[in-house]
Amino acid sequence: MKLFIDDANIEAIKRLTDLYPIDGVTTNPSILAKAKRDPRETLKEIRSIIGEDAVLFAQAVDLTYEGMLRDAHMIVDLLGKNTVVKIPSNPTGFKAMKALKKEGIATCGTVVYTPMQAYLAAKAGASYVAPYINRIDNMGYDGVRVTKQIQDILDANDFDCEVLAASFKNSQQVLELCEYGVGGATCAPDVIDGFVKNMAIDAAIQTFVDDFEKLTGKTSMSALDE
Ligand code: E4P
């Protein structure tokens, strides 16, 4: 399962890409709004941090077909290779996905709440489909179950499209999808940190250092040579 950061906070992206095996960054207009500056600057800075080999997702904002294409062209011109344009998975969006596929521009069918939206986005040529786990849960359905169904639909139909599971609120939701082997998950920084936030782990790691120090008076192997 690929792992992406679902955030536009520059310091958080620097910290997480430094520490963890991250495949890229996903954004949406609401995430960019939190940065309170020109979204083009934010996206360009993210691209410079993650490098050209990581995947960066930015969303077309215009809701018309022509506007989606214009936004997509602008996003790709701005951010270069390995950029994926998020397009809402509605009828106009499917039309835009078909056109962008013909142009060779990678898209992600976003705002996916139902398996059949994902089916249509994948069939329209989207490279990713993004079900919103927590938002589906909040509607009284099971977001993890819906996402597993979507993965099954992609596999059964042999679509060249990956799940990009999104809108997580806890690591348990991510764990279940990781176990199932969905294509990818995008998580806010606190959710990623939550994968390993555990006092028992921290204590066990510190005990090794303490025991070594009792034996040698040093807190590292290399210090033994000093
Ligand atoms: C990512 O593709 C989505 O835009 C995002 O995960 C939505 O998350 P939210 O439900 O926390 O806003």
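Partly exposed describes a residue whose relative accessible area falls between the buried limit, under 20%, and the exposed limit, over 50%. All views below come from a predicted model.

**View 1. Y119 and F159 form a tilted aromatic pair.** Y119 has a relative accessible area of 24%, so Y119 is partly exposed. The ring centres of Y119 and F159 are 6.0 Å apart. Y119 belongs to helix α6, while F159 sits in the loop between α8 (143–156) and β7 (162–165). The pair therefore ties together parts that are 40 residues apart in sequence.

**View 2. Y113 and Y132 pair from two loops.** The structure holds four aromatic pairs. In the pair of Y113 and Y132, the ring centres lie 5.9 Å apart and the planes are at 45°, so this pair is tilted. Y113 is in the loop between β5 (107–112) and α6 (115–123). Y132 is in the loop between β6 (128–131) and α7 (133–138). The two parts tied together are 19 residues apart in sequence. Y113 is partly exposed, at 24% relative accessible area. Y132 is buried, at 8%.

**View 3. F4, F57 and Y128 form a cluster.** Ring pairs link these residues. F4 also has a place in strand pairing: F4 stands opposite T186 in β8, and opposite G24 in β2.

**View 4. Strand β1 pairs with β8 and with β2.** Strand β1 spans residues 2–6. Four of its five residues are buried, so the strand is mostly covered. With strand β8 (residues 184–187), β1 pairs in the parallel sense over four bridges. With strand β2 (residues 24–26), β1 also runs parallel, and three bridges join the two.

**View 5. The charged end of K95 sits over the ring of Y65.** The distance from this charged end to the ring centre is 4.3 Å.

**View 6. R47 is a buried arginine in helix α3.** The helix covers residues 39–50. R47 has 10% relative accessibility. The cut-off for buried is under 20%, so R47 counts as buried. Its side chain reaches two backbone oxygens. One belongs to G51, at 2.9 Å. The other belongs to N82, at 3.0 Å. Leaving aside neighbours within four places in sequence, R47 is in contact with E52, A54, L56, L79, K81, N82 and T83. R145 is elsewhere: R47 and R145 are 33 Å apart in space, C-alpha to C-alpha. In sequence, R47 and R145 are 98 residues apart.

**View 7. S89 is a buried loop residue.** S89 lies in the loop between β4 (83–88) and α5 (91–103). Its relative accessibility is 5%, so S89 counts as buried. Not counting residues up to four places away in sequence, S89 touches F94, M97, G109, T110, V112, Q117 and A121.

Conventions. Residues numbered from 1 in each chain as written. Predicted model: local features only at pLDDT ≥ 70, side-chain atom pairs only at ≥ 80, totals over all residues. Heavy atoms only, no water. Phe/Tyr/Trp six-rings, centres within 6.5 Å; stacked < 30°, edge-to-face > 60°. Buried < 20%, exposed > 50% of the residue type's maximum accessible area, 1.4 Å probe, protein only. Lys NZ or Arg CZ within 6 Å of the ring centre and 35° of its normal. Contact = heavy atoms within 4.5 Å. Polar contact = N/O pair within 3.5 Å; in protein donor to acceptor, adjacent residues only side chain to side chain. Pairing = 2+ DSSP bridges.
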